[in-house]
Amino acid sequence: MTSASHRETTGRDLEQAILKLLDQRGPTATICPSDPAREVYAGDGDGWRDLMEPARRAARRLVTAGEVEITQRGHTVDPGGARGPIRIRRARGAKTPGDGASE
């Protein structure tokens, strides 16, 4: 597997992990990018930390797709300008599997 296709696979895995984690929580719940990073990381120790920036990128792609919002201090922020700690939540009005949306 090439490095580029590995990054694409990891990116898709992170996107799926973000949506899965949000689906497992309440409709207004938020997650930290570390949550999907830990979910996707297959090793021991704190190697999941290397997936933090890829998790943030995955969240930004999901913002573009209208699936999630990125927040800071409880307020929606522009993903491109977000610096420091962020949270991820379902976009207001986004369909979830419980709403009858296809998975």
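Is Glu69 buried or exposed? Glu69 is buried, because its relative accessible area is 15%, and buried here means under 20%, with exposed being over 50% and partly exposed in between (1.4 Å probe, protein chains only). Before going further, a word on what you're looking at: this is a predicted model, where local features need pLDDT of at least 70, side-chain atom pairs count only at pLDDT 80 or more, and totals for chains, interfaces and linings use all residues. Residues are numbered from 1 along each chain as its sequence is written, and side-chain values use heavy atoms, with hydrogens and water left out.

Let's stay with Glu69 for a moment. Glu69 sits in strand β2, which covers residues 68-72. Set aside residues up to four places away in sequence, and Glu69 touches Val63, Thr76, Arg87, Ile88, Arg89, Arg90, Ala91 and Arg92; contact means heavy atoms within 4.5 Å.

Now step back to the whole chain. There are 3 helices and 4 strands, where helices (H or I, at least four residues) and strands (E, at least two) are DSSP runs, numbered from the N terminus. Follow the sequence and you get the pattern α-β-α-α-β-β-β. Of the 103 residues in the chain, 34% are buried. Take the contacts between residues at least 6 apart in sequence, and 43% of them join residues at least 24 apart. The chain's accessible surface comes to about 6,400 Å², with 48% belonging to carbon and sulfur atoms; accessible areas come from the Shrake-Rupley method with a 1.4 Å probe, and for residues only the protein chains shown count as cover.

Leu14 has a relative accessible area of 0%, so it counts as buried. Beyond its neighbours within four places in sequence, Leu14 is in contact with Pro36, Ala37, Val40, Leu51, Pro54, Ala55 and Ala58. Take Val40 from that list: Leu14 and Val40 are 26 residues apart in sequence, yet their C-alpha atoms are 6.5 Å apart in space.

Some of those partners bring us to helix α3. This helix runs over residues 52-64, has 13 residues and reaches 19 Å from its first C-alpha to its last, close to the 18 Å expected at 1.5 Å a residue; the expected span is 1.5 Å times one less than the number of residues. Within α3, Pro54, Ala55, Arg56, Ala58, Ala59 and Leu62 are buried. Just past the end of α3, Gly66 takes a positive phi of about 80 degrees. Gly66 is in the loop between α3 and β2 and counts as partly exposed, because its relative accessibility is 38%. Gly66 and Arg92 are 26 residues apart in sequence and 9.0 Å apart in space, C-alpha to C-alpha.

Where is there empty space inside? Rolling a probe the size of a water molecule over the atoms shows where empty space is left. The count comes to 1 cavity of 30 Å³ or more, a cavity being a set of points on a 1 Å grid over the protein atoms alone where a 1.4 Å probe fits but cannot get out. About 30 Å³ of space lies in the largest cavity, with volume taken as the space filled by probe spheres set on the points, and grid points joined across faces, edges and corners. Its lining is made up of Arg56, Arg60, Ile70, Pro79, Ala82 and Ile86, and lining residues have an atom within 4 Å of a point. They divide into 4 nonpolar, no polar and 2 charged; Ala, Val, Leu, Ile, Met, Phe, Trp, Tyr, Cys and Pro count as nonpolar, Asp, Glu, Lys and Arg as charged, and the others, Gly among them, as polar.

Finally, a few arginines in loops. Arg83 is in the loop between β3 and β4 (87-90) and counts as exposed, because its relative accessibility is 63%. Arg73 lies in the loop between β2 and β3 (75-76), and is exposed at 80% relative accessibility. Arg73 also has a positive phi of about 55 degrees, although it is not a glycine. Most residues other than glycine have a negative phi.

Terms used: 1 Å grid on protein atoms, 1.4 Å probe; cavity = no way out; pocket = protein on both sides within 12 Å on 5 of 7 lines; lining within 4 Å.
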